[in-house]
Amino acid sequence: MAVRIALPKGKLLDETAAFLEKAGWQLNDYSQTMRNYRLKSARFPEMLIKVFQEKDIPIQVAIGNYDLGICGLEWIEELTSKYAASAPVRIRNLGYGKGALYIAASRAPKISAIKDLSMEPDAVRIVSEYPNIAESFALNLRLRRFGVYPVWGAAEAYPPENATLALVAGDTDEKSLNNGLKSFGKVLDFSAYLIANRTSWQQKDLSEVMGTLENVQLEAKEIPGASSIPSIHFTPQVIDKDTVRLALPDGHAQKHTVQLLNKAGIQVDDYPSKTGNRRPTTNLEGVVIKVIRPQDMPLQVANDSFDLAITGIDWLNDHLDAFPSSPVQALVDFKVSRVKIVAAVAGDVPADNIYDYRQFCQKNASSVRIASEYINIADKYARDNRLGMYRVLPTWGATEAFIPEDADILIENTETGSTIARHNLKIIDILFESTAHLIGAKNREYSAVKQTRIANIINLLSKAAESK
Amino acid sequence: MRVQKCKGTCDLTTEEMRRFRLIEGAFRDSCIKWGYQEVRTPTIEYLHLFTSTGTLTPNTLGKVYSFLDWDGWSGERVVLRPEGTIPTVRLYIDEMADKKPARLFYVINTFIFEETGKENREKWQCGVELIGADSVTADVELITLSLEVLKTLGLKNVELKLSHAGLIRALLTGFGLSPEEQGKVFDQILDGDVAVLSRLKAETPDLARLLTPLLEMKGSNAGFLRNLKTLFSRDLPDFIPELDNFIAVAELLTEIGVKYRIDIASGRGFEYYTGMIFQIFKDDVKLGGGGRYNALIPLMGGENAPASGFALQMNTLMNIIEMPPQSGPEINQILMTVTGDRPEAVKSAHNAADSLRKDGFIVSVKVDNEDKSEYKWLIEVSEAAPEFVIYNQTDKGKQTARTIGELLKLLGEKSGS
């Protein structure tokens, strides 16, 4: 059987491409601009080579979809700190992509030593993209009461206002931590690793492929990440009972948001920020702003970390599917960033809608693997449509490449449907249409001043949304 | 597609449920006779209840079933209870904190993830907590109660091992170890970790020389503990009150005729406890154990109340108890069959069945093509006289009865024969 390998997108891509070039693999299109996540090697034409988000790779290798994978040690640890039994074999430290995970808190002098937190009677909030490592850290520290808040990114933006601690990645030098964070200890040094599925390693002959990789000489090199920006922008936000806390999105949603804010006459300085500043300032009186991932906003509004936020209705629905009694609600529809949330299957599946697909699954008595970034929407969709024995595979993007080897159905967003078509997939259901919204919490008691300020922002943004 | 049992879970079949109920019955009977009252706590509790006490190790806490509930957007995790003491103490603090002493017992399932899936991840236990009492008499009450339950279940030659957490702590404090380090180092000492042992010997040679008599020797009466006292009184004065408490427990047990083995090393995993620790084995298989945990209630936010308890492992007991042969009404099971399907005959069968059940018989009315061979008695009900024809499947005897009264009289005479 041909060897299967999972390769990383993102920050490790360039050096992994260089590494495999030296190994003589001659890959057809492994670059930041690639159009298809399935690659071909002239050296190993039979090999199944697929490109994933780095975070997905340890899982894909652990469950046996791939024999080999390349990804950062931090993502391997994130899997094995919770699921030790599924640990992939660590074959070789590839040396590049060096960095470290730090447990960090705000520079504002609230905490003197991390040890003191173990006696803290109130819940210690820890935010991280690495929730399993964070939980294991909290248990080992014997924190009496803690909550781990998994975030999609921007964990550095949360302390001290919205979290006590953040477990964040930085360069190997802890001075790299930005947004006013101070390290209270290194949790892990990481770099890129070559890993193997345990069963494949024990039972499958990988020697020919391994031989080409073993002969490559490595040079250790650090990748400057976003977190290497110095912490020049940090001033703790002053928040009182009248202050409105607004969350704005990072990433590609910024363009539409800036246009909207301009139309509304709301001035926000240093947004988008070239320096990674996550606390832009505004001309609105009594309003403080943080820039975080849109995916994380509904939960943060529910938890009273923010009063208002701008995010897609897709992420609000995903939140409400997990927590139906959450107080978060949509306030203003901006009618921009329009995407459809669809269910898609391989083009050759004999089903054109979800009812046919269910019958197709029942006839084949097969379990269904659903890959999605929206795990709660996907889970509810499978339940509501009685897909029988199903599994939701959480992914972090590049989901189209999962079908057919690694998933049977996707719940994915699409603007034009062209990416889906390019991967020979077909849409069998449209779940809903999502646009950017202003969200807030219902049944929350605000001071009169704050109430007026919130109403003013809703009013300004509503008018901006209406104007052409 | 086959319906599959979830990995690491266990069905209790009809035969296993008989065993389960026998153990539960023996346990409940004893507890009630000793003045204990039953409680039942919910399967789901807040996770912080278990993290906040610091009594479970990070390793155990890493294997609990915890998750965000449907309203868990605040990040508050819930857990399938991994053990029974903390929930019972929580109930005590919430509902009955002024009751001292409180004698409580429970039969519950607990959940801990087990890696291979070959062992049960759901386990049943019979537990007892005695809250608000700190005396040696209370310690001894728990030991004797647990032994009585095992005796009722017909288990002979069980071995009682005693240790003492206060004593272990005093020793480790003597070595200069902080409370956080103590549990780990004690495990390393017991595992014969050479590096740890040499470090202790180098740093505190006077104390280290006492490790062997303390951990490797076993005693069978209080005399052994008095011998230890002579060794420790000079180097470790803090040891003495703990040792005196242990001696008092041992003396009282001897006095009432309970045999035991003093094995300080059996106190592995002592972190939960503050005083006496006991464990019960049969053929090296642990059946249960318990001890004193005076620090737990204040740690959970209750007032300062001493407490102790024990639990018996039902899954282990179910494998080793010998079941008595079926007795009582079970061997007199009756199947009623109705000739024809006229409502009057069916009604008559149901009336007769009701009367027999009130007299303690187990009666099923035949459905479909039910197999008759499992029943001792068959009763045919017809509209014509004689109304009841009784077949004894054991001796192939056949008798008739014209009324329900006659039927009851006849079966009453025959049952048990």
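Two strands pair if DSSP finds at least two bridges between them. Strands themselves are DSSP runs (E, at least two residues), numbered from the N terminus. With that in hand, let's look at strand β11 of chain A, residues 192-196, in this predicted model. Local features here need pLDDT of at least 70, side-chain atom pairs count only at pLDDT 80 or more, and totals for chains, interfaces and linings use all residues. Residues are numbered from 1 along each chain as its sequence is written, while chains are lettered from A and ligands numbered from 1 in the order in which they are written.

**Place in the sheet**
- Chain A has an open sheet of 6 strands with mixed pairing, running β2-β3-β1-β4-β11-β5.
- Its edge strands are β2 (38-39) and β5, each pairing on one side only.

**Neighbours of β11(A)**
- Strand β4 (residues 68-72) pairs with β11(A) in the antiparallel sense over 5 bridges.
- Within this pairing, A:G72 stands opposite A:A192, and A:I70 has A:L194 as its bridge partner.
- Strand β5 (residues 89-93) is also antiparallel to β11(A), with 4 bridges.
- Here A:R92 stands opposite A:L194.

**Burial**
- A residue is buried if 20 or more other C-beta atoms lie within 10 Å of its own, with C-beta atoms placed from the backbone.
- Because 5 of the 5 residues of β11(A) are buried, the strand is largely enclosed by the rest of the structure.
- In a regular strand the side chains alternate between the two faces of the sheet.
- Both faces of β11(A) are covered, with A:A192, A:L194 and A:A196 buried on one side and A:Y193 and A:I195 buried on the other.

Technical notes:
A residue is buried if 20 or more other C-beta atoms lie within 10 Å of its own, exposed if 12 or fewer, and partly exposed in between; C-beta atoms are placed from the backbone.
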